[in-house]
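This report is meant to be read with the sequence and the 3D structure at hand.

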Amino acid sequence: MSTEKLTAKIRKLSTIVEDIHLEIGQQIAPSTRRAAAIAVIENPFAGKYNEDLEELMVIGAELGTLLGERAVAALGIEPAQVESYGKGAIVGENGELEHAAAILHPRLGGPLRAAVEKGAALVPSSKKMGGLGTPLDVPLGHKDAAYVRSHFDAMEVRINDAPRANEILVAIVVTDSGRPLPRVGGLEAKDAEGKDGLR
Amino acid sequence: MPEVIVRKTITTVEDIFHEGGPRAEKPYRRGAIASVIKNPYAGRYVEEITPFIEDLKPLGLKMAQDLIAAMGENSATIEGYGKGAIVGAGGELEHGALWHAPGGYSMREVVKDSKAIVASTKKVGPVGARLDVPVTHANASYVRSHFDSIEVGINDAPRADEMLVILVMTTGPRVHSRSGGLLASEIKGEDGLK
């Protein structure tokens, strides 16, 4: 997806892939993998109160596709192989928390679901205001059945030079797996129906 | 000889389009790869540690190749590089120094024109420590446009008995490079310096 013609004015894009081979002495085979795709964009409403946040909703739809596709590509898997997902945003100090909400909630989910195929479950999210290098813990849940306990997780993302005061950092995280060593019971992925997004 | 035990790998790729100035036609791309490995010498003083250098060489080579692939680049399009290590609390700085040869020579093996010394930094740090890994031009250390650094770290490492070993690569000058000095187009590429 070309970034030039987007409404979103992107300063930088970043992807982070974590590949966990071993945890507390136990081999993880195959390794569990998660990828974050991150965009640092200009906040069109920085420094002023705007009642209408339509522009950020358009940006949310664009980033659902761009970051969803980049995160899946970073894992090198087919969209259908994605097992869990999450999203988050950090708004620089001249913006407001509602700017993150306008990007994340109205229109980002549809394109993200297209990028991961299906996605019956709510996309877990987190947001906050922050300065350069602020870390954000992006919550993760199974993409088709929110109650799958093995896939409750989070991934920390941060970029040392963002967000500046007039910027917003937007992140989408996808995985090909749950936690490395799940053993606290609950609904298992293999038992999930994936129809109502919950079980 | 100690075995190299990798707990996790973290790969980061950044595309920088601008930093307040004109948008770059081709973004400046920076990549970092970090392996969280067990420190075989943690928790005690060991005099003879050099055998681990040999053990680390295959890992270094694989990391260099994997990083170029993750960046979607090839041996000819990488222009800058650097390396670093973060040693967990049970180790000593000298353990990080074991990465100099396997980290550096692996990149020089896979990056086409790479006569320059690989810039490096290292420290002992807690879980979540971040390291600013220096970057210089791969073929001529004095190229001013390519001086940079990439911050690398992960929230759950290094544990006390672990080390992060890190390689970084870039594809060109800083996105708005305009501080003069030797240009990449002017280098002789003979001595690794100019």
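## A strand and its partners

Strand β3 (residues 84-91) of chain A is joined to β7(A) by eight bridges, and these strands run antiparallel; strands are DSSP runs of E with at least two residues, helices are runs of H or I with at least four, and both are numbered from the N terminus, while two strands pair if DSSP finds at least two bridges between them. Within this pairing, Gly86(A) has Val173(A) in β7(A) as its bridge partner. Strand β2 (residues 26-42) of chain A also pairs with β7(A), in the antiparallel sense and over nine bridges, and here Ile38(A) has Ala171(A) as its bridge partner.

The model is predicted, so that local features need pLDDT of at least 70 and side-chain atom pairs count only at pLDDT 80 or more, whereas totals for chains, interfaces and linings use all residues. Residues are numbered from 1 along each chain as its sequence is written, and chains are lettered from A and ligands numbered from 1 in the order in which they are written.

## How β7(A) is covered

Strand β7 (residues 167-175) of chain A is mostly covered, with nine of its nine residues buried; a residue is buried if 20 or more other C-beta atoms lie within 10 Å of its own, exposed if 12 or fewer, and partly exposed in between, with C-beta atoms placed from the backbone. In a regular strand the side chains alternate between the two faces of the sheet. From β7(A), Glu167(A), Leu169(A), Ala171(A), Val173(A) and Thr175(A) point one way, while Ile168(A), Val170(A), Ile172(A) and Val174(A) point the other way, and all are buried.

## Helices packed in chain A

Two packed helices are described by the angle between their axes and the distance between the axes. Helix α1 (residues 54-75) and helix α2 (residues 97-104) of chain A have axes that come within 6 Å and cross at roughly 50°, where axes are lines fitted to C-alpha atoms, for helices over the stretch in contact, and angles run from 0 to 180 degrees between N-to-C directions. The two helices α1(A) and α2(A) are therefore oblique to each other, since angles under 35 degrees count as roughly parallel, over 145 as roughly antiparallel, 65 to 115 as roughly perpendicular and the rest as oblique. Leu56(A), Met57(A), Ile59(A), Gly60(A) and Leu63(A) in α1(A) meet His99(A), Ala102(A), Ile103(A) and Leu104(A) in α2(A), contact meaning that C-beta atoms, placed from the backbone, lie within 7 Å. The buried residues of α2(A) include His99(A) and Ala100(A), and what covers the buried residues of this helix includes α1, β3, β4 (125-129) and β7 of chain A.

The axes of α1(A) and helix α3 (residues 109-116) of chain A come within 7 Å and cross at roughly 25°, which makes α1(A) roughly parallel to α3(A). Among the residues that meet here are Ala61(A) and Gly64(A) in α1(A), and Gly109(A) and Leu112(A) in α3(A).

## Where the chains meet

The contact between the chains takes 16 residues from chain A and 17 residues from chain B. On the side of chain A that touches chain B, the largest share, 14 residues, comes from strand β1 (residues 10-23) of chain A. Nine bridges join β1(A) to strand β1 (residues 6-16) of chain B, and these strands run antiparallel, with Ile16(A) standing opposite Thr12(B) in β1(B).

Note on methods
Contact = placed C-beta atoms within 7 Å.
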